[in-house]
Amino acid sequence: MWIFTVFLSLLADNLIFTKALGTSTLMAASKSRSNLLILSLMMSLFSVAGCMLTTILYWSIPLLRHESVMVESLFSPILYTAVISVIYIVVLLLLYALSGKWFSTIKKYVHLSAFNCAVMGVMHLCFAPERFLTGSFVPTDFLGMSMPVMDARTVYGSLLFGIQMGLGFLLASLFLLAVRKRLYAPEVPAAFRGFPAILVYIGLLSMAIHAITV
Amino acid sequence: MNSAATKPHFRSPEYWLALGAVCLVSLCFYGLRAALIIGIATVTAVLTDFFCLFLQNKSYRKVDIANIAPPIVMVLMFPSSVSYPVVVLSTVFTVAVGIHVFGSRRNYLFPPAAVGYLFALLCWRDELLNAPHAGVHLPMFGSHEGVLQSTLSSRFNHEGVFAAETFDILIGNVASPMGTGCILLLAVILLVLLFRSSVSCWGVAGYLFGISFLANFGSIPALYYLSVNMVIFSMIFLVGDTLVIPNGRLSVLFGSTLTGMLTYYLMAAHALEYAPVVAVMLTCPLWHALAEIEERIGQKLDAMELAAKQEMMQDGVPTDVEVLHETE
Amino acid sequence: MKQNKFSAIDGLFRRNAVLAEGMVIAPIVVCCDTLPKALILSLAFACITFLSVSIASFFPKSIPYALRIILYAITSSLIYIPVAMLCSYLNFAVIGMYLPLLTVNSFVVLHSELYFYKLQKRLLLPALFLHIAGFCLTAVIIGLVREILAYGTICGRVVDVPVLMQGLSAPWAGFILLGILCAVHRKFFPKK
C-alpha cells in the first residue's frame, strides 16, 4: 500500500498536473527515452541544487533572513536567478571537463533545464511565503509518508523537496511517453494531432488527480 | 504501434443486450425519469457525433453507432436525480473529448464513460454523490429535494458497515446510481459477457485479483468491496471494455491487476465512491505502455524464430515437420 | 527564415506564442480562470517581457551564449521589481507565484535568441509587441470563457448562464480548453 501512497503523493504535488509548470520541457522530455532520462535528471539536479544552495545562503547571509527579502518575494527572482546561474555555469564546466565528445549533445539539455518555470517554481514552492509568515514552520510530508522531514529551511529538507519534485516530473514524462505515439497517430484528427492532444491528455489526467484531492 | 487500430469498432449484440438489461432495471427502480435521462444522453450523443464527424469531413457510418454506448454507460453511473443540463453537457464532453479528440473509431486512450463521469463529478459533485432510494420515482420535471440521501457506498466507505440487508444489496434496493446497484444482475451479465468474449477476460481476471489480493490484508472481506462503489459495473463496462483495453494477455493481466489494487487503495484509504473510475483513468497509460512492450517482445521473438529457421535452411536442415515425416 | 514584415506580424495569429509555439502555458492554465486575472497576467507579462527583450537586444552577441542567457534572466528579474511594486500598489496579488515566474518565461530565455534577435532591428519592436499581444489575446479568451462557464460572471458582473460548471476553474479545465483552442487555431492556420 505504501507504493500507492508514494504514487499518489507524486501525482497530487506534481508540478505538471497541478501547477502546469514545465509543460514545454515535458514535451521535449517525452520525445524519446534518452531525452526523458537526461532531462528528468537535469531538472532534478537543478531543483535539488537550487533549493539546497538557497538554503545554505539563507543561513549564511543574515540579510536574506529579513522578512522583506524572502517573504515579499520582490527580490526572490534575482536571488533564485543568481543561484541557478551559478549552478548552470558549474554544470556546464563540469560537463565540458568530464564528458568530452558528448558535451555538444548534452549541453542542449542543460540549457533547457536551467532557466525554466519548473525549476524556478520548485524554488518558489520550497520557500513559499506561508512557510515563514506564520512564524512556526508547517512541515510537509516526503512522498506522502507521515514523516515531517521537509523543513525547507534545512539542507536535508530542501534536498528531499527537490528530489520529490524531480520524481514527479519523471513520472509525468513517463505518463506522456507511454502514449505519445498514439497522440501523433493518423487516427487523431489533424487539428488535434500532437500538441493539442497532448494538452487534452494532460488535462484528463489532471482531472483524475483532482478527483482524488477534491 | 499497439494493435488497437486493428480492432473492429463495433459492439457485440450481447453487449447491447447487457446494456439494455441494466437500463431496464434502472427504469423499474427509478421510473420514467431514468428512461428520459438515458434517452437524452442517446440523442445528445448522436447529435454530437454527427457534429464532430462533420467538423472532420467524415460521414456518419454504421460503426459509429458504437459511440452511443459510452454516454449510456456514463449516465448509468449517475443518480436518477441528476438534472438534464448535466446529462447533456456531460454527454457532449464524453463524445467530443473522450471519443473524438483522440481519434474516435480506432484510438481510445481512456474509457470515454470514465472521462464524462469525472467531468460531471468535478463540475456538479453534489448532484452526483446524492441519490434517491431505489423505488422512489422522481417527477420528470420539478425539484426533488428531501428525497436524496448519501449512497450505500458512501456510508460503507465512512462507517465500514452496510446500511442495508444482503438481499436488498443484491437486488439493488438501495440508494445508488441508476445502473450500478443491482449486484445480482451485474454478476450475471459479467458471466455471460465473459463466456461470449464481449469483455476482456484477462482484464476482469486481473482486476478481481488485484482487489482481492489487497483486501486479504485488510479487515473487510473482498466480497464487500465488490458489492459497492460501482466495482462490478466498472469491471464490465470500463476495465473490460474491449475497445479500450489493448490486445495482449500478460500486459492486460498485469495492468488490470494494478488497476484493481489502486481501486482498493482508493476505496480503503480515501473512501472514494468513484474509485474504479479514477483508478482506470490513472492506469490506462500503463495498459498501453505494457501492451506496446509486449508487442515489441513478441516481434523480437518472431524475428529470432525467423532468423533461426533461415539459418537452419541455409545449413540444409529441413525446418518443416511434414518434410521430416516424409523423409522418415 | 524569411525576415519580412509579414512574418513579423504573424505573432498575433498564425505564430501565436501559446497556440502555435506552445510557450508560456503555465500561467494561462492556472491563473486565467477569470477575465480580471487574465488581464492582470497580460499586463504583467507585457511589461516584463517587452522591457526585458528590448533591453537585452542591446547586449553584444560576442558574449558566449551561456552568459547571455544569464544576463537575460537577470535583466528580467531586475525589471520584475518595479512591475511587482506596481502590481502590489494596484492590489494585484491574485497571480501569486506565477508573477515572479514570468521572469524566466520562454520569450525571454529562449524565443528571444531563436527568433527576435534574428529579425532586423526595425522589425524587432513591432514583432515583439504583436507576439505579446498574441499571448494576451489567448489569456483573455481563456479567462473570459472560464469565468462565464465556471462562475457565470464577466469581470464580476453576473450574466445569465443557465448551468454553471465550477470545475472549470481548476487547472485541468485550463489544459483542456487550451488544447481545444489550439485545435481551433490549427484549423484556421494549418501548419505549412
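## A positive phi in chain A

Ala20(A) is found in the loop between α2 (15-19) and α3 (23-29) of chain A, where helices (H or I, at least four residues) and strands (E, at least two) are DSSP runs numbered from the N terminus. Although Ala20(A) is not a glycine, its phi is positive, at about 60°. Ala20(A) counts as buried because it has 30 C-beta neighbours inside 10 Å; a residue is buried if 20 or more other C-beta atoms lie within 10 Å of its own, exposed if 12 or fewer, and partly exposed in between, with C-beta atoms placed from the backbone.

This is a predicted model, in which local features need pLDDT of at least 70 and side-chain atom pairs count only at pLDDT 80 or more, while totals for chains, interfaces and linings use all residues. Residues are numbered from 1 along each chain as its sequence is written, and chains are lettered from A and ligands numbered from 1 in the order in which they are written.

## A positive phi in chain C

Cys155(C), which is not a glycine either, has a positive phi of about 55°, and its place is in the loop between β1 (153-154) and β2 (157-158) of chain C. With 11 C-beta neighbours inside 10 Å, Cys155(C) counts as exposed.

## The contact between chains A and C

Chain A contributes 35 residues to the contact and chain C contributes 34 residues, two residues being in contact if their C-beta atoms, placed from the backbone, lie within 7 Å. On the side of chain A that touches chain C, the elements giving two or more residues are α2, α3, α6 (76-99), α8 (117-126) and α11 (195-213) of chain A, and the largest share, 10 residues, comes from α11(A).
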